[in-house]
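Subject: Model handover

Hello,

Here is the structure you asked about. Please open it alongside this message; my notes follow below.

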Amino acid sequence: MNTDSAAAVRPFHLAFPVHDLDAARNFYGGLLGCAEGRSDPHWIDFSLYGHQIVAHLDENFEPRPLANPVDGEQVPVPHFGVVLTMSEWQVLADRLTAAAIAFVIAPTVRFPGQVGEQATMFFQDPSGNALEFKAFASDDQLFAKD
């Protein structure tokens with residue numbers, strides 16, 4: 001399997017629990033602007049920047065928040081998201097800020113002046129699932145090492 005070629009990247013699929021499908025629909029579809037795909041009374045498919053994410057209903061779901069220290073911040077684990085272009089990231093950061101999202105980590109630049117410098121932000125969906133969206137000035141920094 002070739003894991004080095006960005007040109008070969010295919011959409012990923014992620015299924016995750018939510019305690020309320022209507023809240024998930026409003027958050028992912030309304031706020032984040034994800035197109036809705038198929039659904040039934042127990043799940044909803046969304047297109048998250050072309051990736052298939054599926055909110056599965058678990059009315060008893062309670063996230064177990066954990067955090068790891070990264071660059072002076074407590075990063076929520078687990079989390080998921082997308083690496084955007086810098087302009088896409090800024091549009092999303094502005095939209096979330098205007099919507100008064102309670103950021104776990106507000107839009108910021110992490111590792112300034114270092115290998116892997118990136119714009120990042122963390123926030124939670126209504127069920128407490130943590131999301132991170134990030135961007136690099138240059139995509140070659142995504143897997144760069146010191």
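Which residue in β3 is the bridge partner of aspartate 40? It is tryptophan 43. Bear in mind throughout that this is a predicted model.

Strands β2 and β3 (residues 43-48) are joined by four bridges.

Now the sheet as a whole. It is open and has four strands, ordered β1-β4-β3-β2, with mixed pairing. The edges are β1 (13-18) and β2 (35-40). Each of these has a single partner strand, so one side of each lacks a neighbour in the sheet. From one strand to the next, the twist averages 20°. Helix α1, residues 21-31, packs on this sheet. The helix touches β1, β2, β3 and β4. Its direction makes about 10° with that of β3.

Next, histidine 51. This residue lies in strand β4, which covers residues 51-57. Is histidine 51 buried or exposed? Its relative accessible area is 16%, and the cut-off for buried is under 20%, so histidine 51 counts as buried. Its side chain reaches the backbone nitrogen of phenylalanine 12 at 3.0 Å. Leaving out neighbours within four places in sequence, histidine 51 is in contact with Arg10, Pro11, Phe12, Phe46 and Val82.

There is also a hairpin to look at. Strands β5 (residues 66-70) and β6 (residues 73-77) run antiparallel and are joined by five bridges. Within that pairing, alanine 67 has proline 76 of β6 as its bridge partner. Two residues separate the strands of the hairpin. Aspartate 71 sits in the turn and has a positive phi of about 50°.

Last, methionine 121. You will find it in strand β10, residues 118-124. Methionine 121 is buried, because its relative accessible area is 0%. Which residues does methionine 121 touch, not counting those up to four places away in sequence? The contacts are Trp89, Leu92, Ala93, Leu96, Phe103, Ile105, Ala106, Pro107, Leu131, Glu132 and Phe133. How far is methionine 121 from proline 11? The two are 110 residues apart in sequence, and their C-alpha atoms are 22 Å apart in space. Proline 11 is also one of the contacts of histidine 51.

Best wishes

How values were computed: Residues are numbered from 1 along each chain as its sequence is written. This is a predicted model: local features need pLDDT of at least 70, side-chain atom pairs count only at pLDDT 80 or more; totals for chains, interfaces and linings use all residues. Side-chain values use heavy atoms; hydrogens and water are left out. Buried means under 20% relative accessible area, exposed over 50%, partly exposed in between (1.4 Å probe, protein chains only). Contact means heavy atoms within 4.5 Å. Two strands pair if DSSP finds at least two bridges between them. A polar contact is a pair of N or O atoms within 3.5 Å; within protein, one must be able to donate a hydrogen and the other to accept it, and residues adjacent in sequence count only if both atoms are side-chain atoms. Axes are lines fitted to C-alpha atoms, for helices over the stretch in contact, and angles run from 0 to 180 degrees between N-to-C directions.
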